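This note concerns the ligand site and the domain arrangement. Please read the points below alongside the structure.

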Amino acid sequence: MFDFDEVVDRKGTNCAKWDTIEANNKPKDVLPMWVADMDFKSPKEIENALVKRIRQGVYGYSFAPDEYFDAVISWMKRRHDFDIKKEWIVPTPGVVTAIKLCVNAYTKENDAIIINKPVYYPFDFSIELNHRRIIENEMVYKENSYEMDYVAFEKAIVENDVRMFILCNPYNPIGKVWKEDELKQIGEICKKHHVLVIVDEIHEDFVYGDHIHIPFYNVDESYKEFSVVLTAPSKTFNLAGLQTSNIIIADEKLRKAYQETMNRYGVNEPNFLGIIACMTAYNECELWVDEMLEYVYDNFTYFDEFLKENLPHIHLVKPEGLYLGWVDFRECGLNKDELEKTMLEKAGLWLDEGYIFGTGGEGFERFNLAIPRSVLEDACQRLLKAFGK
Ligand SMILES: Cc1ncc(COP(=O)(O)O)c(C=O)c1O
(Lines give C-alpha, C1' and ligand atoms only; values in the text may rest on other atoms or scores of the structure.)
Protein backbone atom coordinates (compact mmCIF):
# COMPACT_ATOMS: atom_id res chain seq x y z
CA MET A 1 0.00 0.00 0.00
CA PHE A 2 2.85 2.42 0.75
CA ASP A 3 5.57 2.92 -1.82
CA PHE A 4 8.90 2.21 -0.14
CA ASP A 5 10.38 1.46 -3.57
CA GLU A 6 10.25 5.15 -4.46
CA VAL A 7 13.74 6.62 -4.85
CA VAL A 8 13.53 10.07 -3.29
CA ASP A 9 16.09 12.63 -4.40
CA ARG A 10 17.35 14.06 -1.11
CA LYS A 11 20.17 16.08 -2.66
CA GLY A 12 20.02 19.83 -2.25
CA THR A 13 18.10 19.67 1.05
CA ASN A 14 21.07 20.17 3.42
CA CYS A 15 20.86 16.43 3.90
CA ALA A 16 23.61 15.04 6.17
CA LYS A 17 23.70 11.78 4.21
CA TRP A 18 23.61 12.95 0.60
CA ASP A 19 24.87 16.56 0.65
CA THR A 20 28.14 16.14 2.57
CA ILE A 21 30.00 13.75 0.27
CA GLU A 22 32.42 16.40 -1.00
CA ALA A 23 32.83 18.08 2.39
CA ASN A 24 33.86 14.71 3.83
CA ASN A 25 36.33 14.07 1.00
CA LYS A 26 34.51 10.97 -0.21
CA PRO A 27 34.63 9.92 -3.88
CA LYS A 28 31.90 11.84 -5.68
CA ASP A 29 29.92 8.87 -7.00
CA VAL A 30 29.88 7.10 -3.64
CA LEU A 31 26.60 5.62 -2.38
CA PRO A 32 26.06 6.83 1.20
CA MET A 33 24.66 4.19 3.56
CA TRP A 34 26.08 5.46 6.83
CA VAL A 35 23.99 7.83 8.97
CA ALA A 36 20.90 6.33 10.59
CA ASP A 37 18.02 8.01 8.86
CA MET A 38 15.81 6.49 6.21
CA ASP A 39 15.65 7.29 2.53
CA PHE A 40 11.86 6.80 2.75
CA LYS A 41 9.41 9.66 2.88
CA SER A 42 7.69 9.98 6.24
CA PRO A 43 3.97 9.14 6.28
CA LYS A 44 1.71 11.53 4.35
CA GLU A 45 -0.31 12.29 7.50
CA ILE A 46 2.77 13.89 9.05
CA GLU A 47 3.43 16.00 5.96
CA ASN A 48 -0.20 17.14 5.97
CA ALA A 49 -0.15 18.07 9.65
CA LEU A 50 3.12 20.01 9.28
CA VAL A 51 1.94 21.83 6.14
CA LYS A 52 -1.31 22.80 7.86
CA ARG A 53 0.60 24.27 10.79
CA ILE A 54 3.17 25.99 8.54
CA ARG A 55 0.38 27.59 6.48
CA GLN A 56 -0.99 29.29 9.59
CA GLY A 57 2.05 31.50 9.26
CA VAL A 58 3.02 32.35 12.85
CA TYR A 59 5.89 30.39 14.38
CA GLY A 60 6.12 31.79 17.90
CA TYR A 61 6.86 30.11 21.25
CA SER A 62 4.94 26.95 21.81
CA PHE A 63 4.34 24.19 24.35
CA ALA A 64 3.58 20.47 24.33
CA PRO A 65 -0.22 20.05 24.64
CA ASP A 66 -2.10 17.28 26.45
CA GLU A 67 -2.70 15.56 23.10
CA TYR A 68 1.06 15.09 22.72
CA PHE A 69 1.35 13.35 26.11
CA ASP A 70 -1.71 11.21 25.34
CA ALA A 71 -0.21 10.18 22.00
CA VAL A 72 3.09 9.10 23.60
CA ILE A 73 1.31 7.22 26.41
CA SER A 74 -0.97 5.43 23.97
CA TRP A 75 1.84 4.43 21.57
CA MET A 76 3.98 2.99 24.39
CA LYS A 77 1.02 1.00 25.71
CA ARG A 78 -0.16 -0.26 22.29
CA ARG A 79 3.21 -1.16 20.84
CA HIS A 80 5.25 -2.11 23.90
CA ASP A 81 2.83 -2.81 26.75
CA PHE A 82 4.61 0.02 28.51
CA ASP A 83 2.51 1.92 31.05
CA ILE A 84 3.72 5.44 31.58
CA LYS A 85 2.24 8.51 33.21
CA LYS A 86 1.95 11.98 31.73
CA GLU A 87 4.15 13.57 34.38
CA TRP A 88 7.00 11.15 33.62
CA ILE A 89 7.41 12.42 30.04
CA VAL A 90 9.88 15.22 29.39
CA PRO A 91 9.97 16.36 25.75
CA THR A 92 13.61 17.05 24.87
CA PRO A 93 15.40 18.11 21.67
CA GLY A 94 16.90 14.76 20.66
CA VAL A 95 18.09 11.61 22.38
CA VAL A 96 21.78 12.51 22.19
CA THR A 97 20.94 15.82 23.87
CA ALA A 98 19.12 13.82 26.54
CA ILE A 99 22.14 11.56 27.11
CA LYS A 100 24.36 14.61 27.59
CA LEU A 101 21.83 16.15 29.96
CA CYS A 102 21.74 12.92 31.99
CA VAL A 103 25.53 12.82 32.20
CA ASN A 104 25.48 16.38 33.54
CA ALA A 105 22.49 15.93 35.81
CA TYR A 106 23.56 12.71 37.52
CA THR A 107 27.37 12.58 37.53
CA LYS A 108 30.26 14.93 38.17
CA GLU A 109 33.61 15.48 36.45
CA ASN A 110 35.89 12.45 36.49
CA ASP A 111 33.10 10.05 37.46
CA ALA A 112 33.23 6.68 35.72
CA ILE A 113 30.49 5.76 33.23
CA ILE A 114 30.33 2.28 31.73
CA ILE A 115 29.21 1.41 28.19
CA ASN A 116 29.17 -1.80 26.18
CA LYS A 117 31.46 -2.08 23.19
CA PRO A 118 31.15 -1.77 20.28
CA VAL A 119 28.44 0.88 20.64
CA TYR A 120 26.82 3.94 19.03
CA TYR A 121 29.75 6.39 19.17
CA PRO A 122 27.90 9.46 20.55
CA PHE A 123 27.79 7.55 23.87
CA ASP A 124 31.58 8.02 24.00
CA PHE A 125 31.37 11.68 22.98
CA SER A 126 28.71 12.39 25.61
CA ILE A 127 31.02 11.08 28.31
CA GLU A 128 34.31 12.50 27.02
CA LEU A 129 33.04 15.99 26.19
CA ASN A 130 31.75 16.26 29.73
CA HIS A 131 35.08 15.15 31.21
CA ARG A 132 33.83 11.88 32.66
CA ARG A 133 35.74 8.60 32.36
CA ILE A 134 34.70 5.85 29.93
CA ILE A 135 34.77 2.30 31.24
CA GLU A 136 34.28 -0.33 28.54
CA ASN A 137 32.52 -3.67 28.72
CA GLU A 138 33.19 -5.60 25.53
CA MET A 139 30.40 -7.78 24.17
CA VAL A 140 31.19 -11.39 23.37
CA TYR A 141 30.57 -12.38 19.73
CA LYS A 142 29.71 -16.07 19.27
CA GLU A 143 27.93 -17.93 16.54
CA ASN A 144 26.50 -14.93 14.76
CA SER A 145 25.17 -13.17 17.86
CA TYR A 146 26.37 -11.18 20.85
CA GLU A 147 26.23 -11.85 24.56
CA MET A 148 27.20 -9.78 27.53
CA ASP A 149 29.88 -10.85 29.99
CA TYR A 150 28.10 -10.06 33.27
CA VAL A 151 31.04 -11.08 35.44
CA ALA A 152 33.35 -8.65 33.65
CA PHE A 153 30.62 -6.00 33.78
CA GLU A 154 30.21 -6.25 37.56
CA LYS A 155 33.97 -6.40 38.11
CA ALA A 156 34.48 -3.24 36.04
CA ILE A 157 31.75 -1.47 38.01
CA VAL A 158 33.28 -2.37 41.35
CA GLU A 159 36.90 -1.72 40.39
CA ASN A 160 36.18 1.67 38.83
CA ASP A 161 33.47 2.91 41.19
CA VAL A 162 31.14 3.31 38.21
CA ARG A 163 28.23 5.75 38.69
CA MET A 164 26.30 5.32 35.46
CA PHE A 165 25.63 2.78 32.69
CA ILE A 166 24.40 3.91 29.27
CA LEU A 167 22.55 0.96 27.77
CA CYS A 168 21.37 0.68 24.18
CA ASN A 169 18.09 -1.31 24.01
CA PRO A 170 17.76 -2.44 21.19
CA TYR A 171 21.45 -2.20 20.56
CA ASN A 172 23.08 -0.08 17.83
CA PRO A 173 25.18 -1.16 15.92
CA ILE A 174 25.07 -4.90 16.62
CA GLY A 175 21.31 -5.31 16.14
CA LYS A 176 20.74 -7.11 19.43
CA VAL A 177 17.32 -7.04 21.08
CA TRP A 178 17.90 -7.67 24.76
CA LYS A 179 15.88 -10.46 26.37
CA GLU A 180 14.13 -10.09 29.69
CA ASP A 181 16.56 -12.28 31.63
CA GLU A 182 19.50 -10.34 30.19
CA LEU A 183 17.98 -7.00 31.21
CA LYS A 184 17.27 -8.48 34.62
CA GLN A 185 20.92 -9.44 35.11
CA ILE A 186 21.98 -5.94 34.10
CA GLY A 187 19.35 -4.36 36.34
CA GLU A 188 20.25 -6.41 39.40
CA ILE A 189 23.98 -5.67 39.08
CA CYS A 190 23.29 -1.96 38.67
CA LYS A 191 20.84 -1.91 41.58
CA LYS A 192 23.32 -3.71 43.82
CA HIS A 193 26.10 -1.23 43.08
CA HIS A 194 23.97 1.95 42.91
CA VAL A 195 24.66 2.50 39.23
CA LEU A 196 22.16 4.74 37.46
CA VAL A 197 21.02 3.27 34.13
CA ILE A 198 20.33 5.51 31.15
CA VAL A 199 18.47 3.33 28.67
CA ASP A 200 18.45 4.50 25.05
CA GLU A 201 15.34 2.90 23.54
CA ILE A 202 15.23 4.97 20.34
CA HIS A 203 15.20 1.79 18.18
CA GLU A 204 12.33 0.24 20.19
CA ASP A 205 9.95 -0.12 17.24
CA PHE A 206 12.37 -2.13 15.09
CA VAL A 207 12.28 -5.76 16.17
CA TYR A 208 11.95 -8.86 14.02
CA GLY A 209 10.77 -12.45 14.22
CA ASP A 210 10.22 -13.72 17.75
CA HIS A 211 12.08 -10.83 19.29
CA ILE A 212 10.16 -8.30 21.34
CA HIS A 213 11.33 -5.02 22.69
CA ILE A 214 11.22 -4.99 26.48
CA PRO A 215 11.25 -1.53 28.03
CA PHE A 216 13.73 -1.50 30.91
CA TYR A 217 11.00 -0.26 33.29
CA ASN A 218 8.93 -3.37 32.55
CA VAL A 219 11.57 -5.77 33.83
CA ASP A 220 11.10 -4.90 37.49
CA GLU A 221 9.08 -2.21 39.24
CA SER A 222 12.11 -1.18 41.30
CA TYR A 223 14.09 -0.23 38.17
CA LYS A 224 12.07 2.98 37.92
CA GLU A 225 13.98 4.23 40.95
CA PHE A 226 17.39 4.20 39.25
CA SER A 227 16.85 4.54 35.54
CA VAL A 228 15.83 6.95 32.80
CA VAL A 229 14.37 5.77 29.48
CA LEU A 230 15.08 7.68 26.28
CA THR A 231 12.59 7.29 23.43
CA ALA A 232 11.78 9.21 20.26
CA PRO A 233 9.63 8.97 17.14
CA SER A 234 12.61 9.97 14.99
CA LYS A 235 13.96 6.56 13.91
CA THR A 236 10.53 4.99 13.40
CA PHE A 237 9.04 7.81 11.33
CA ASN A 238 12.21 9.39 9.89
CA LEU A 239 11.92 12.67 11.82
CA ALA A 240 15.50 13.21 13.02
CA GLY A 241 15.65 16.74 11.59
CA LEU A 242 12.80 17.79 13.88
CA GLN A 243 14.89 17.02 16.97
CA THR A 244 12.17 15.72 19.24
CA SER A 245 12.50 12.99 21.85
CA ASN A 246 10.26 11.73 24.63
CA ILE A 247 12.31 11.18 27.76
CA ILE A 248 10.63 9.05 30.42
CA ILE A 249 11.61 9.52 34.06
CA ALA A 250 9.36 7.93 36.67
CA ASP A 251 11.35 8.89 39.74
CA GLU A 252 10.49 12.40 40.85
CA LYS A 253 13.94 13.27 42.18
CA LEU A 254 15.65 12.07 39.03
CA ARG A 255 13.13 13.96 36.90
CA LYS A 256 13.63 17.20 38.81
CA ALA A 257 17.40 16.96 38.51
CA TYR A 258 17.05 16.36 34.75
CA GLN A 259 14.66 19.29 34.30
CA GLU A 260 16.91 21.60 36.28
CA THR A 261 19.80 20.64 34.01
CA MET A 262 17.65 21.27 30.92
CA ASN A 263 16.83 24.69 32.28
CA ARG A 264 20.46 25.43 33.05
CA TYR A 265 21.43 24.71 29.44
CA GLY A 266 18.35 26.40 27.98
CA VAL A 267 17.07 23.37 26.08
CA ASN A 268 13.66 23.12 27.72
CA GLU A 269 11.56 24.52 24.86
CA PRO A 270 10.17 21.89 22.51
CA ASN A 271 10.36 22.21 18.75
CA PHE A 272 6.72 22.99 17.86
CA LEU A 273 6.87 21.12 14.55
CA GLY A 274 8.46 18.11 16.23
CA ILE A 275 5.61 17.93 18.73
CA ILE A 276 3.03 18.02 15.91
CA ALA A 277 4.90 15.35 13.95
CA CYS A 278 5.19 13.14 17.04
CA MET A 279 1.48 13.38 17.86
CA THR A 280 0.47 12.66 14.27
CA ALA A 281 2.92 9.78 13.96
CA TYR A 282 1.76 8.02 17.11
CA ASN A 283 -1.95 8.67 16.49
CA GLU A 284 -2.33 8.14 12.76
CA CYS A 285 0.57 6.24 11.19
CA GLU A 286 0.62 2.75 12.67
CA LEU A 287 -0.16 0.98 9.41
CA TRP A 288 2.73 2.76 7.73
CA VAL A 289 5.09 1.49 10.46
CA ASP A 290 3.94 -2.11 10.07
CA GLU A 291 4.50 -2.05 6.31
CA MET A 292 7.81 -0.24 6.63
CA LEU A 293 9.06 -2.87 9.10
CA GLU A 294 8.14 -5.65 6.68
CA TYR A 295 9.92 -3.85 3.85
CA VAL A 296 13.07 -3.31 5.89
CA TYR A 297 13.07 -6.90 7.08
CA ASP A 298 12.75 -8.06 3.47
CA ASN A 299 15.80 -5.90 2.73
CA PHE A 300 17.70 -7.75 5.45
CA THR A 301 16.65 -11.07 3.90
CA TYR A 302 17.62 -9.96 0.40
CA PHE A 303 21.00 -8.73 1.66
CA ASP A 304 21.69 -11.87 3.68
CA GLU A 305 20.81 -14.16 0.77
CA PHE A 306 22.91 -12.10 -1.63
CA LEU A 307 25.94 -12.37 0.65
CA LYS A 308 25.48 -16.10 1.24
CA GLU A 309 25.18 -16.76 -2.47
CA ASN A 310 27.80 -14.39 -3.87
CA LEU A 311 30.15 -13.34 -1.08
CA PRO A 312 30.15 -16.20 1.43
CA HIS A 313 33.22 -14.82 3.22
CA ILE A 314 31.19 -11.76 4.30
CA HIS A 315 28.59 -12.33 7.01
CA LEU A 316 25.55 -10.36 8.09
CA VAL A 317 25.15 -10.65 11.87
CA LYS A 318 21.67 -12.03 12.45
CA PRO A 319 19.39 -9.00 12.71
CA GLU A 320 17.15 -9.06 15.77
CA GLY A 321 16.23 -5.40 15.50
CA LEU A 322 17.12 -1.97 14.01
CA TYR A 323 17.32 -1.02 10.33
CA LEU A 324 21.09 -1.17 10.45
CA GLY A 325 22.93 -4.24 9.21
CA TRP A 326 26.13 -5.17 11.08
CA VAL A 327 28.39 -7.03 8.72
CA ASP A 328 31.52 -9.04 9.44
CA PHE A 329 34.29 -8.53 6.84
CA ARG A 330 37.09 -10.07 8.90
CA GLU A 331 37.54 -13.06 6.61
CA CYS A 332 38.60 -10.61 3.87
CA GLY A 333 41.88 -10.25 5.75
CA LEU A 334 42.13 -6.46 5.42
CA ASN A 335 43.23 -4.12 8.17
CA LYS A 336 40.90 -1.27 9.08
CA ASP A 337 42.48 1.27 6.71
CA GLU A 338 42.52 -1.18 3.80
CA LEU A 339 38.90 -2.12 4.41
CA GLU A 340 37.80 1.52 4.54
CA LYS A 341 39.75 2.35 1.38
CA THR A 342 38.36 -0.66 -0.48
CA MET A 343 34.85 0.22 0.58
CA LEU A 344 35.14 3.82 -0.59
CA GLU A 345 37.33 3.49 -3.64
CA LYS A 346 36.56 0.04 -5.03
CA ALA A 347 32.99 -0.56 -3.88
CA GLY A 348 31.96 3.10 -3.88
CA LEU A 349 30.08 2.70 -0.61
CA TRP A 350 30.19 5.16 2.27
CA LEU A 351 29.39 3.22 5.42
CA ASP A 352 29.92 3.66 9.13
CA GLU A 353 33.19 1.79 9.62
CA GLY A 354 33.04 -0.74 12.44
CA TYR A 355 36.10 0.65 14.20
CA ILE A 356 34.37 3.96 14.95
CA PHE A 357 32.07 2.05 17.33
CA GLY A 358 35.15 1.17 19.36
CA THR A 359 36.59 -2.04 20.79
CA GLY A 360 35.32 -5.10 18.94
CA GLY A 361 34.12 -3.08 15.94
CA GLU A 362 37.18 -3.40 13.74
CA GLY A 363 36.60 -5.54 10.65
CA PHE A 364 32.84 -4.87 10.68
CA GLU A 365 30.80 -2.38 8.66
CA ARG A 366 27.39 -0.90 9.42
CA PHE A 367 24.94 -0.72 6.51
CA ASN A 368 21.80 1.41 6.63
CA LEU A 369 19.10 -0.80 5.10
CA ALA A 370 16.18 1.65 5.31
CA ILE A 371 16.50 2.24 1.60
CA PRO A 372 14.55 1.34 -1.55
CA ARG A 373 15.23 -2.20 -2.80
CA SER A 374 16.75 -0.93 -6.06
CA VAL A 375 19.35 1.04 -4.10
CA LEU A 376 20.15 -2.05 -2.05
CA GLU A 377 20.56 -4.04 -5.26
CA ASP A 378 23.00 -1.40 -6.50
CA ALA A 379 24.91 -1.60 -3.18
CA CYS A 380 25.13 -5.40 -3.48
CA GLN A 381 26.56 -5.16 -7.00
CA ARG A 382 29.12 -2.62 -5.77
CA LEU A 383 30.16 -5.04 -3.03
CA LEU A 384 30.46 -7.86 -5.52
CA LYS A 385 32.71 -5.78 -7.77
CA ALA A 386 35.05 -4.97 -4.89
CA PHE A 387 34.98 -8.15 -2.83
CA GLY A 388 34.08 -10.89 -5.33
CA LYS A 389 36.76 -13.52 -5.65
C1 LIG B 1 21.12 4.48 19.74
C2 LIG B 1 20.86 5.86 19.19
N3 LIG B 1 20.59 6.87 20.04
C4 LIG B 1 20.36 8.11 19.60
C5 LIG B 1 20.39 8.42 18.25
C6 LIG B 1 20.18 9.81 17.78
O7 LIG B 1 19.10 10.41 18.41
P8 LIG B 1 18.78 11.94 18.20
O9 LIG B 1 18.85 12.23 16.74
O10 LIG B 1 17.40 12.07 18.76
O11 LIG B 1 19.78 12.70 18.99
C12 LIG B 1 20.67 7.39 17.33
C13 LIG B 1 20.75 7.68 15.91
O14 LIG B 1 21.24 6.92 15.13
C15 LIG B 1 20.90 6.09 17.81
O16 LIG B 1 21.15 5.07 16.99
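1. An oxygen atom of the ligand lies 2.7 Å from a polar backbone atom of Val95, and an oxygen atom of the ligand is 2.9 Å from a polar backbone atom of Val96. A polar contact here is a pair of N or O atoms within 3.5 Å. A nitrogen atom of the ligand is 2.5 Å from a side-chain N or O atom of Asp200.

2. The ligand on its own exposes 400 Å², of which the protein buries 91% (Shrake-Rupley areas, 1.4 Å probe).

3. The model is predicted: local features require pLDDT of at least 70 and side-chain atom pairs pLDDT 80 or more, while totals for chains, interfaces and linings use all residues. Residues are numbered from 1 along each chain as its sequence is written, and side-chain values use heavy atoms, without hydrogens and water.

4. Residues around the ligand (a heavy atom within 4 Å) include Ala36, Tyr120, Cys168, Asn172, Ile202, His203, Lys235 and Gln243. By class, this shell has six nonpolar, four polar and two charged residues, with Gly counted as polar and Tyr and Cys as nonpolar.

5. The domain assignment, automatic or from a database, gives domain 1 (31-43 + 286-387) and domain 2 (59-284). Their centres, taken over C-alpha atoms, are 25 Å apart. The contact (heavy atoms within 4.5 Å) takes 36 residues from domain 1 and 35 residues from domain 2.

Conventions:
A polar contact is a pair of N or O atoms within 3.5 Å; within protein, one must be able to donate a hydrogen and the other to accept it, and residues adjacent in sequence count only if both atoms are side-chain atoms.
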